[in-house]
Amino acid sequence: MTMSNCLILPTRWGIHWKIEINNAAEQGLACFKYKVPPAMTSIPLLALIFLSSFSSELVKGSDLFSARVQVTEERKLQNYIVHVKQLEGRASTQSEDLKSYHLSFLPAETAAASDNQQRLIYSYQHMISGFAVRLNKEEVDDMKNKDGFWKESNFGNGVIVGVLDTGVFPSHPSFSDDRMPPPSDKWKGKCEFNVSTCNKRIGARSFNLAAKAKGVKSEPPLDDDGHGTHTASIAAGVFVKNVDALGNARGTAVGMAPKAYLAIYKVCFGPDCPDSDILAGLDAAVADGVDVLSISIVDDSQPLFQDNIAAPWILTVGASTIDRSIRTTAKLGNGEEFDGESVFQPDDFPPKLLPLIYAGSNGKPDSAFCVEGSLNGTDVKGQVVMRERGGGIARIAKGEEVKNSGGTAMILMNPESDGFSTLANAHVLPTSHVSYADGLKIIAYINSTKTSLAAIVFKGTIIGDLFAPSVTSFSSRGPNLASPGILKPDIIGPGVSILAAWPFPQKNNTNSKSNFNIISGTSMSCPHLSGIATLLTSSHPEWSPAAINDKCGDAYSSYSVKVITPQGVDVCVKPDKLHFSKVNQKITYSVTFSRNIEKTSEFAQGYLTWVSAKHNVRSVVAATLSEKWRHAERA
């Protein structure tokens, strides 16, 4: 279980518009996400988002046919997601009322058209306040004239983000100096790269004295791993058009705060990230004038007095899924199909049924986990080989073993502990990474017949997952093991199958200019939140770290408490209503916990939520009950 830390220096909650673009392959899909600033919730806020595009390439044929299919860009319908303010005083409403409300935002001619119901694709009620709609460019331009339509963001302009990691690949297009002015005089750091300008990567230094003592050679802050380049571009990479990962997730890549500056502190050398080097990097970052620090480094939980990196301003981040998958499907000889994931989807590999074997059928764990050499003496040539995730063997390394042994494709099965959390990796051969439950069904099929068959079907980039965001299996869910009274992580962020910059070409990459990769980890979640903190810092530099973590509402607002009690615990909140009458006002309330007669387990969880007409502010409650109190009964 892992968590990543984002160290956040003074900043403020406010507007943060541009978060992330993750574009899909075949459809050219893009996902822009926005946050509504509290100060603007009184405006009928409208944010319009480009979702998909059609190919601009015309079908070749006769002049008459070409004339029929030609449509001007202005009249072509495209899919958009529109974010709007919630109906005043209501968190949700009836579906028909909601559709009518959403239709009111469309241009008058479009809303009155006979096909308006077909134009309105979805009315969202719970995940966001908004809708999906099909519009042409003229209609989009018309919507831009409505009050509250979002037009621009400062994208973190002027803020300095410090990234402590494995260094950076400075010449990557995600770190281009183009149109980046020099930093202000507050920047006191230096850049150890021998380049003429450092207007985006304004700082780059190595801190490896502790690593050198262990035999590591002195190195410049150049990234020879990929991890640091990936995380830095998530936090503050600039817009880069026409990118993909082995042909998938095509589109424009951009970090959370593309106009922010980057200061790179290389403190990790190979697997070693000594505390003394990390502290030296932190010390230098503060002296250099860094505003927000992003540290995608994990370690075992330990008491706070023994943790050299622990600090009250740390925001600890868990990892969640996103609503995009890079899908491959394992199709069995009996017709069953199981959806999985893989980035590597070659055009020249047909979805043909091939012999399927389970490498663990001999009962040896080394074979099931694909330890190097475990397939020696096993004929897998031309076959689909099923392997299990885990065993200390990297997922891609398992595929390399299958490929080196003559296997044609691989089905990778989760262990029970990883459940349904599948990942899109740049495998070296056609692969489908499936869930534990689906893996058991595939094994049952193999055992049920003497001629088991399987094909790997490539389905490319798929947008839409009703269960996203959800906490992934490799992320910690908390609480803090060393100090259970401190609930960690503080927040979750996108950390599964994230596309971002990479310092070198991937295997099977035929486009040497497209150095982007899809990887997963809490390390990817952390810079997403660091980027959000950067946007807030740019808009509201006077706010403290605590203000970032709080939910800030409006003045002249009232909140009522709603309590979901942990099992076996009574909760009393006084007062149960809060009334705010001025800006920056603070009100104190008390929460009392007492044991009731209900039997329960050692741990119980609930939450209390303060609800206003516009906001819900939720605090998680975790209770630890001793053996004595778990079984207590009252007369």
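This report walks through the bonds, contacts and backbone features of the structure shown above.

## About the model

Keep in mind that this is a predicted model, in which local features need pLDDT of at least 70 and side-chain atom pairs count only at pLDDT 80 or more, while totals for chains, interfaces and linings use all residues. Residues are numbered from 1 along each chain as its sequence is written, and side-chain values use heavy atoms, with hydrogens and water left out.

## The disulfide and other cysteines

A disulfide is a covalent bond between the sulfur atoms of two cysteines. Here the term is applied to a pair of cysteine sulfur atoms within 2.5 Å. The structure contains one disulfide, and its partners are Cys 268 and Cys 273, with an S to S distance of 2.1 Å. The link of Cys 268 and Cys 273 is right-handed, with 120 degrees about the S-S bond.

How exposed are these cysteines? Residues are called buried under 20% relative accessible area, exposed over 50%, and partly exposed in between (1.4 Å probe, protein chains only). Cys 268 is buried at 5% relative accessibility, whereas Cys 273 is partly exposed at 24%.

## Salt bridges

A salt bridge is counted when a side-chain nitrogen of Lys or Arg lies within 4 Å of a carboxyl oxygen of Asp or Glu. The whole structure has 10 salt bridges. One of them is formed by the side chains of Glu 139 and Arg 119, at 3.0 Å from N to O. Because Glu 139 sits in helix H5 (residues 137-143) and Arg 119 in helix H4 (residues 116-119), this pair ties together parts that are 20 residues apart in sequence. Helices (H or I, at least four residues) and strands (E, at least two) are DSSP runs, numbered from the N terminus. Glu 139 is buried at 12% relative accessibility, and Arg 119 is buried at 11%.

Arg 201 and Asp 177 form another salt bridge, with their closest N and O atoms 3.3 Å apart. This pair links distant parts of the chain, with Arg 201 in strand E7 (residues 201-206) and Asp 177 in the loop between strand E6 (160-165) and E7, 24 residues apart. Both Arg 201 and Asp 177 are buried. The side chains of Glu 219 and Lys 266 also meet in a salt bridge, at 2.8 Å from N to O. Glu 219 belongs to the loop between helix H6 (209-213) and helix H7 (227-236) and Lys 266 to strand E10 (residues 261-266), so the pair ties together parts 47 residues apart in sequence. Glu 219 is partly exposed at 24% relative accessibility, while Lys 266 is buried at 1%. Elsewhere, salt bridges that share partners join Arg 327, Asp 339 and Lys 459 into one network.

## A sheet of four strands

Four strands make an open sheet in the order E25-E23-E27-E28, with antiparallel pairing. Strand E25 (577-580) and strand E28 (616-624) are at the edges, each with a single partner strand, so one side of each has no neighbour in the sheet. From one strand to the next, the twist averages 20 degrees.

Two strands count as paired if DSSP finds at least two bridges between them. Strand E23 (residues 557-564) pairs with E25 in the antiparallel sense over four bridges. For Ser 557, the bridge partner in E25 is Phe 580.

## A helix pair

H7 packs with helix H12 (residues 522-539) at an angle of about 30 degrees, their axes being 7 Å apart. Axes are lines fitted to C-alpha atoms, for helices over the stretch in contact, and angles run from 0 to 180 degrees between N-to-C directions. H7 and H12 are therefore roughly parallel to each other (angles under 35 degrees count as roughly parallel, over 145 as roughly antiparallel, 65 to 115 as roughly perpendicular and the rest as oblique).

## Backbone points to check

Most residues other than glycine have a negative phi, and most peptide bonds are trans. The peptide bond from Ala 468 to Pro 469 is cis, with omega near -5 degrees; Pro 469 is in the loop between strand E19 (453-463) and strand E20 (491-494). Lys 574 and Pro 575 are also joined by a cis peptide bond, with omega about -10 degrees, and Pro 575 is found in the loop between strand E24 (569-574) and E25.

Phe 155 is not a glycine, yet has a positive phi of about 55 degrees. Phe 155 lies in the loop between H5 and E6 and is buried at 9% relative accessibility. Asn 242 likewise has a positive phi, near 55 degrees. Asn 242 is part of strand E8 (residues 240-245) and is exposed, at 71% relative accessibility.
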